[in-house]
Amino acid sequence: MNTLDILGGKNRGGSPEPVERVRVRSGESLAVVGPTGSGKSELLADIAQLAQGDTPSKRHVLLDGRPPLIGASGLVGTLSQRTNFVMDADVGSFIRMHAAVLGKDGSGCVERVLALANELCGEPVDAVDRLQGLSGGQARSLMIADIALISDAPVVLIDEVENAGIDKHRALEALTGRGKIVLTATHDPVLMLMNDRRVVMRGGGMQALIERDGEERVRLEDLAACDAELLTARDTLRGGGRLRREARA
C-alpha cells in the first residue's frame, strides 16, 4: 500500500472540517496534535475502522485512493496508551506464536524482535520474561518491535507513546524505515516536531495541517537535547544514582 487518505467530514458542532483531505505516503509519519478532548483518539479510531462515512465524524478513509474492500482486515496496527496482555506466556513464546499466526517462521524472529525492543527501552526484555511481568515501557517497546518486524499491517496508529519511557526517535525510525504509514497522537513537543507534518485537532475536527519549517527543525534539535538529558537523569535516579552538575558538561 502506498497512500492513506483521510477525507474530512464534520466536527462535533456539525460544521465541515476545515481540512478536507490529508494524504500520508508509505514511509511517512504524521503527528496528530491538540488539547485533551480535541478529537485525536476519534481520528485514530476512524482510521482503525477504515471509516466510510459511517462514524460520527462522517469521514472517509481511502487506501491507495480507493475505499477499502468490504471485510478487509489486518491493514491497521494499533498501539494504545495502555498496553496489556491477556495471555500469560513468556516473551519468546509470544513472539513465535504471533509469527506462526501470520504464517512466518518464528525461529529467527525472537532474536530480532528482542534486539529492537531493547534498543527502544532502557529496561532490557528477555525471551524468558513473563508478559504479565513487563513494565509499561518494556511492553510498548516489545509491541513496537513486533509491529515493525512481524506484523504485515501497512498502517500503524500510536496513541501517546511518550508516556512509556522509550526512545521515541528510534521507534518512529523503526516503523517508517520499513515503509509503514505511521500516525501518532501526542502531547510531546519533541515527538510532534519529529514528524514532517502535523494535523491540529479542535472540537472533534481537523482544524489545520501544518508542515514543519526550517526554524522548527532547529528548535527540534534543542528540545531533543533537553529530552535526552531528562531521560539520562531519569535512568540515573531510577538506578539509585545521584545527579551532579558536572554531568551536564
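**Cysteines and cores**

Reply: Cys226 is partly exposed, with a relative accessible area of 47%, where buried means under 20%, exposed over 50% and partly exposed in between (1.4 Å probe, protein chains only). Cys109 is buried, at 4%. This is a predicted model, in which local features need pLDDT of at least 70 and side-chain atom pairs count only at pLDDT 80 or more, while totals for chains, interfaces and linings use all residues. Residues are numbered from 1 along each chain as its sequence is written, and side-chain values use heavy atoms, leaving out hydrogens and water.

Me: How many disulfides are there?

Reply: A disulfide is a pair of cysteine sulfur atoms within 2.5 Å, and by this rule the count is 0.

Me: Which residues have the most contacts inside the largest nonpolar core?

Reply: In soluble globular proteins, nonpolar side chains tend to be buried together. A nonpolar core is a set of buried Ala, Val, Leu, Ile, Met, Phe, Trp, Tyr and Cys residues joined through side-chain atoms within 4.5 Å. Here the largest has 39 residues, and Phe85, Val91, Ile95, Leu134, Leu142 and Leu175 have the most contacts inside it. Its largest share, 8 residues, comes from α4, helices (H or I) being DSSP runs of at least four residues and strands (E) of at least two, numbered from the N terminus. A second, separate core of 22 residues includes Ile181 and Val199.

Me: What is Val91 in contact with, beyond its neighbours within four places in sequence?

Reply: Contact means heavy atoms within 4.5 Å, and the partners of Val91 include Leu114, Asp126, Leu134 and Leu142.
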